[in-house]
Amino acid sequence: VLDGRAAELAQFYPSAGGLAAGDPTPAFLAAVATHRPEVEDGLARGVQTNEVGRAAVLVAGFALVARRTGLPLRLREVGSSAGLLLRWERYRYVAGAVEIGDPASPLVFDDVWIDGPPDLSGPLAVADRRGCDVAPVDALSDDGRLTLMSFVWPDHIERLHRLRSALDLARGHPVSIDQADAGPWVETQIKPSVPGTCTVVFHSIVLQYLPRESRHRMRAALEAAGAQATPGAPLAWLRMEPAGAVADVRLTCWPGGHEETLATAGFQGGDIRWFAH
């Protein structure tokens with residue numbers, strides 16, 4: 001549907017401009033029959049979204065860490081997919097009287113907070129950024145772009161618009177994403193620490209997809225590095241993960257290992273209730 005090879009089915013898909021009512025089943029089955037080998041190959045491919053809406057949740061956590069530490073951030077993302085969340089500065093965020101990000105960005109977050117926006121004030125600088133994924137998606141390729149769009153439900157038009165905008169912006173801002181398992185990758189990325197920066201390991205809706213050994217190895221690496229953290233080279237672990245009907249946004253900071261719940265949010269990043277100050 002997305003690349004124009006299933007015109008009859010496309011008329012039922014809002015993501016392709018379709019407005020038809022009625023039963024799409026015959027057109028769907030016909031498209032599957034016509035492209036059966038491709039469909040079967042696709043079924044063997046794991047679903048791997050790169051939900052841009054979560055940037056509004058994460059940016060508030062980054063701002064909080066930067067404000068508390070007063071340091072630039074070394075961002076290390078687990079489960080980066082195409083790295084669209086590593087490019088969060090290319091989007092615009094409006095939180096009351098405060099705006100951060102790119103003021104000219106076509107991708108704007110300004111109505112996603114319930115009960116008032118978080119505090120996004122203060123200096124927020126990124127020293128460097130890097131991600132990992134077991135199967136990275138190339139955001140700069142046509143195939144990567146189509147792959148990510150195919151994972152958005154066809155009636156979620158706003159999500160698709162956000163994704164397309166983020167993919168357009170990604171073309172001018174490459175990031176490094178390593179093909180690697182989370183556990184050993186985190187071990188290598190967080191030691192040694194870099195004085196004068198705060199290392200922030202972050203992820204969103206990822207833990208459920210990691211093997212148990214990888215999860216345990218990542219946590220052990222964070223705790224070991226946290227035990228060596230100093231005020232001049234702190235470590236933070238920011239994560240947005242399922243907690244029932246919503247996702248919890250939690251932050252653990254070292255030295256000290258203090259953990260707190262910052263917010264709850266919808267799995268795609270909207271309906272954010274921010275608690276932290």
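Contact here means heavy atoms within 4.5 Å. With that in hand, here's a quick tour of a predicted model, in which local features need pLDDT of at least 70, side-chain atom pairs count only at pLDDT 80 or more, and totals for chains, interfaces and linings use all residues. Residues are numbered from 1 along each chain as its sequence is written, and side-chain values use heavy atoms, with hydrogens and water left out. Helices (H or I, at least four residues) and strands (E, at least two) are DSSP runs, numbered from the N terminus.

**The nine-strand sheet**

- Let's start with an open sheet of 9 strands, ordered β5-β12-β11-β10-β9-β8-β1-β6-β7, with mixed pairing; two strands pair if DSSP finds at least two bridges between them.
- At the edges you'll find β5 (113-114) and β7 (177-179), and each has a single partner strand, so one side of each is left without a neighbour in the sheet.
- Strand β1 (residues 73-78) runs parallel to strand β6 (residues 126-133), and 6 bridges join the two.
- Across that pairing, L75 sits opposite R129 in β6.
- β8 and β9 also run parallel, joined by 6 bridges, and here T199 stands opposite L235 in β9.
- Of the 9 residues of β9, 7 are buried, so β9 is largely enclosed by the rest of the structure; buried means under 20% relative accessible area, exposed over 50%, and partly exposed in between (1.4 Å probe, protein chains only).

**Two helices, α7 and α8**

- Helix α7 (residues 182-189) packs with helix α8 (residues 212-228) at an angle of about 15°, their axes 7 Å apart.
- That angle makes α7 roughly parallel to α8; the cut-offs are under 35 degrees for roughly parallel, over 145 for roughly antiparallel, 65 to 115 for roughly perpendicular, and oblique for the rest.
- As for how angles work, axes are lines fitted to C-alpha atoms, for helices over the stretch in contact, and angles run from 0 to 180 degrees between N-to-C directions.
- On the α7 side, the contact is made by A182, G183, P184, V186 and E187, while α8 brings S214, R217, M218, A221 and L222.
- Sorted by class, that contact has 6 nonpolar, 2 polar and 2 charged residues (Ala, Val, Leu, Ile, Met, Phe, Trp, Tyr, Cys and Pro count as nonpolar, Asp, Glu, Lys and Arg as charged, and the others, Gly among them, as polar).

- Strand β2 (residues 92-95) pairs with β3 in the antiparallel sense over 4 bridges, and R92 has G101 in β3 as its bridge partner.

**W113 up close**

- W113 is found in strand β5 and is buried, with a relative accessible area of 12%.
- Leaving aside neighbours within four places in sequence, W113 is in contact with A56, V94, A95, P118 and I272.
- The C-alpha atoms of W113 and A60 are separated by 11 Å, though the two residues are 53 residues apart along the chain.

**Helix α5**

- In helix α5 (residues 142-150), the buried residues are G144, R145, T147, L148 and M149.
- Those buried residues of α5 pack against α6 (157-170).
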